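Subject: Structure for your review

Dear colleague,

Please find below the structure that I am handing over to you.

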Amino acid sequence: MDRECVSLLPRVCEVLRGSGSSLPDDTSLEKLLDWFTGLTEAGGSVQETCPCLLEFISAVVLKTSSDPGVICFSLKLSGLIAATEHGFKMLQGSVLDLAFNPQHWRDAGLWEDPCIRIGWIQGLRNMLQHSKAFTFFVKADFIVPLLQLQTDSSLFVASAANQTLAHTLIFFQPGCNGTFKDPGKVERTQTSIAVGEPHSQDYFAVLGTIAQFLKESLLPKENTGLHQSQQVLKLLALLLARARQPLRDELLGTVSDSLQELVAAGYSQLTLPLMDIILAAYSSSSTDDRVPDQRVTRLLSSMLNITKPSDLIGAAAAFLRAGRHNQDTVHTARAVRILLLPLHIVTGQSLLGADTTVEEHRFSIAEQLKIKNSCVSMICVCLTHTPPITLMPHDFLPCPPVSILTAVLSLLRIVSGDSSSLSSGCSEVFRNLVGSGKVQKCALEVLTGLSSSPGMKDKRTEVVSVLIQYLNNPDSDPTVMHKSYQALLKLLSVCEDVSSLTEKLKQGLIDVVKKRVCDMRWEVRDSTVEFLGKLAGVLKQGEETSDALLGGCWSTPLLREALQDPESYVRASAIAALAQTLEPSWHQGAAVTQGQTDVVTRLLEILSQDTEAFARRAVVQYFIAWFSSRSSHTSPLSSSSSSSSSSSSSSLQTNSVSSVLSLGSADLDWEVKVHTLELAELLMDEACSGHRGYRKGSETPPALRHPYAVISARPLGEGAESDVAGVLRNLVEQGVVWALLSGLVDCDRPVGLKACQLLIALRDTVCPRPPPDASPATAAVTTVSCELPGCGWGREIRKIPGMKRLDRVKQADVAPGTLCGEVGMEGDSVCVGVCDLLSSLGLDEKLDELSQSSDHVHNSALSLLQDILTASAAHTQQDAQPGQEVIVDCY
């Protein structure tokens, strides 16, 4: 533990002990407790390192006038210290007896405060980690108040009591060297209590008390209603999920009859909690004997015969979600038929076959479908489970998977207003379903999930036809449009041959996309241009497949037009889509068209003028994709690039990269700047990847890898080592070095971190290491210079302490027409040697600083203790000057 923290802790304890009112920041005590918990879990002894804590706990327990929050903190802390046998001995006696005596807090009038009850429960939970604490728990008869708190009016208290009671039974169950894991806590191992040990008698006494409580509390009573039953069912599910023999058998034997009564009572609110218990019992029993307990299977059979349709559907869905298919084939087959029954009724498709085991529910479900809310809810639950049903073994299915797919398509037609797909006598159901956006979205998601199911190949034309109808419907909700596009993309991605679609369907798709890209709703336009980009990605599997649907790149003009869209989301999506539709003609050396030039010009306009960051981010990512997709045989930064034809795409790339780097690094959005650095990294990797010892910036140490980089590992060739100066000079000319230097002093840490990593990689590659190498290559690279502006980031660079070593700039390094002077001068730009600059920036120290989160100072235990002391002093002064708010900056 930090020595300064130890020195401050007694003062903090004194402040807390004397606190008669809440601290300004009521989370500071929880953070302090988290710190102590972390120290304990790391193997430290809090009480030995901080002996003042024992005195603090004793004082707070005796002084009942303390703030309830401080008392709660003390109870939790005392339990944390008593979690070890040594700490338990130090607190055993008056401190623990008084602290955990509920009557003590009742007499003080504090037990009614939920904060005190929470502290008591969680302190007890912290303590119960060894047999001595368990003996203390039994002798003090804490089981009685803990059971009473299971149905506390405060949900937080009841939940904590649930967890603590479950921990007690699971952690100390006989003959099991198991563990009990609380959410978010470190797992603690236990020492088992074997049958026959002195503690086992106490354990079974506690178990009997708890089991009897569960049995008596399961059925709702007039004064408690369903709240008590719900809480007890949660506890029982928690216990059964982790119980082993003989604990599981004891629990099931005690409560199974009560559970059967509860099922028969038909409380809809308890359907899912009851299923949680059944599934928890299934889980624990399967690990022991691989055969479900007969009491559990009887309960499940009862649940799958509930008369209320919505409860029946819910129970069947819960069972299928648990994935017990191979373990219980009978109930799985029944659950499948239950979930298919509503679709069978509505669409008239024969989904149940000759099996009539669920026919007794047909009438009640049909009646429930005539009620709109119930109809929509039940249909959506059934739809959600159809994809996994179609993938089940045929033994479980009452019909072929293609029949289920046909039913989903019929339902989509019904919801869109086509009554011809509706089964006879269901006009009321038709009124409930037609135009239901919820059912439409759910059914379209199911269609996406069924894209790889058996039977889809035979139904592909029909599926595409239905989706085009939805896209053509002017009344379709934007979300429905989006899901229709998603279903189309998924279908086309698994389609072996898009050319198998009829010309009518392909033309219909093209026509509807052209219409929707001009839709009045920006959400629809956004989904449409996004679809076009993803469609190009799907269809890049082969030129023949692509031509079969794209038909001469009809989508590209639509995307170019979308660059002018008034909505920034649409512009961003259009840019991303254009990146995905990059044509082979855009690659290295190909002739450039006027349209391509116009796209690049427009993108640079967006990067420099667009007021929304979404579009600007997309522009930089576009150039990343473009540079990543081109041929890896020639670097744009090599000297040959500048001599390429003005009509080639490589020239267009080279001419635009400086503008992108300049505009992107000066952007106000930190993500734009990070993407700009990713582009700079891509260019730097391509230029330097063949140099001996070059290590990518993203490997020094972990950085944010951009998703587009496909770096060639090509060698630079003979003589490449001597051309390091040329490579560095081109990096300077293209603006890569400027972008990195600008990012290094950026106020956003991710930007600075990325820039620092890349500068280190550049320094280690091109700059000579001591002792100085007198080779011609070294002499050449030391002459490469760059210009530092006299204001902005250039001025910040000059403020770096190491820069003071650069006294003056050699006139020989200065480019003609450039004003040079002392590095420390402000207002004038100066030229400095790149290698001298990189070695003077203190990059390694800067990297260490940037690699730490900004919280490494403010989120420390020392900062927390100082904040508590400062806030307490400020709060005391505030009493004399009411109306002033105290702001606490603790982590």
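The notes below describe the chain as a whole, then a cavity, and then individual residues.

This is a predicted model, in which local features need pLDDT of at least 70 and side-chain atom pairs count only at pLDDT 80 or more, while totals for chains, interfaces and linings use all residues. Residues are numbered from 1 along each chain as its sequence is written, and side-chain values use heavy atoms, with hydrogens and water left out.

The chain as a whole

The secondary structure of the protein chain comprises 45 helices and four strands. Here helices (H or I, at least four residues) and strands (E, at least two) are DSSP runs, numbered from the N terminus. The chain has 891 residues, of which 54% count as buried. Buried means under 20% relative accessible area, exposed means over 50%, and partly exposed lies in between (1.4 Å probe, protein chains only). The chain exposes about 38,500 Å², and carbon and sulfur atoms supply 51% of that area. Accessible areas come from the Shrake-Rupley method with a 1.4 Å probe; for residues, only the protein chains shown count as cover. Among the contacts with a separation of 6 or more, 71% join residues 24 or more positions apart; a contact means heavy atoms within 4.5 Å.

The structure holds five cavities of 30 Å³ or more. A cavity is a set of points, on a 1 Å grid over the protein atoms alone, where a 1.4 Å probe fits but cannot get out; lining residues have an atom within 4 Å of a point. Grid points are joined across faces, edges and corners, and a volume is the space filled by probe spheres set on the points.

The second largest cavity has a volume of about 60 Å³. Its lining consists of Leu262, Val263, Gly266, Tyr267, Leu270, Thr271, Leu274, Met303, Ile306 and Asp311. Helix 15 (247–265) and helix 16 (271–288) are the elements that give two or more residues to this lining. By type, the lining residues divide into seven nonpolar, two polar and one charged. In this count Ala, Val, Leu, Ile, Met, Phe, Trp, Tyr, Cys and Pro are nonpolar, Asp, Glu, Lys and Arg are charged, and the others, Gly among them, are polar.

Leu233 is in helix 14 and is buried, with a relative accessible area of 1%. Not counting residues up to four places away in sequence, Leu233 touches Leu218, Leu259, Leu262, Leu270, Pro273, Leu274 and Ile277. Leu233 and Leu259 are 26 residues apart along the chain, and their C-alpha atoms are separated by 9.4 Å.

Two backbone features

Most residues other than glycine have a negative phi, and most peptide bonds are trans. The peptide bond from Gln245 to Pro246 is cis, with omega near 5°; Pro246 lies in the loop between helix 14 (225–242) and helix 15. Asp141 is not a glycine, yet has a positive phi of about 55°. Asp141 sits in the loop between helix 10 (131–139) and helix 11 (143–148) and is partly exposed, at 42% relative accessible area.

Further buried residues

Thr168 belongs to helix 12 (residues 155–171) and counts as buried at 1% relative accessibility. A polar atom of the Thr168 side chain lies 2.8 Å from the backbone oxygen of Thr164. Leaving aside neighbours within four places in sequence, Thr168 is in contact with Leu128, Phe134, Phe137 and Tyr203.

Phe172 is placed in the loop between helix 12 and strand 1 (179–180) and is buried at 2% relative accessibility.

Ile71, in helix 5 (residues 68–81), is buried with a relative accessible area of 1%. Beyond its neighbours within four places in sequence, Ile71 is in contact with Val60, Thr64, Ser66, Trp105, Leu110 and Ile116. Ile71 and Ile116 are 45 residues apart in sequence and 6.9 Å apart in space, C-alpha to C-alpha.

Ser453 lies in the loop between helix 25 (437–449) and helix 26 (456–472) and counts as buried at 7% relative accessibility. The Ser453 side chain reaches the backbone oxygen of Leu450 at 2.8 Å.

With kind regards

Conventions. On a 1 Å grid over the protein atoms alone, a cavity is a set of points where a 1.4 Å probe fits but cannot get out, and a pocket is an open set with protein on both sides within 12 Å along at least five of seven lines; lining residues have an atom within 4 Å of a point. A polar contact is a pair of N or O atoms within 3.5 Å; within protein, one must be able to donate a hydrogen and the other to accept it, and residues adjacent in sequence count only if both atoms are side-chain atoms.
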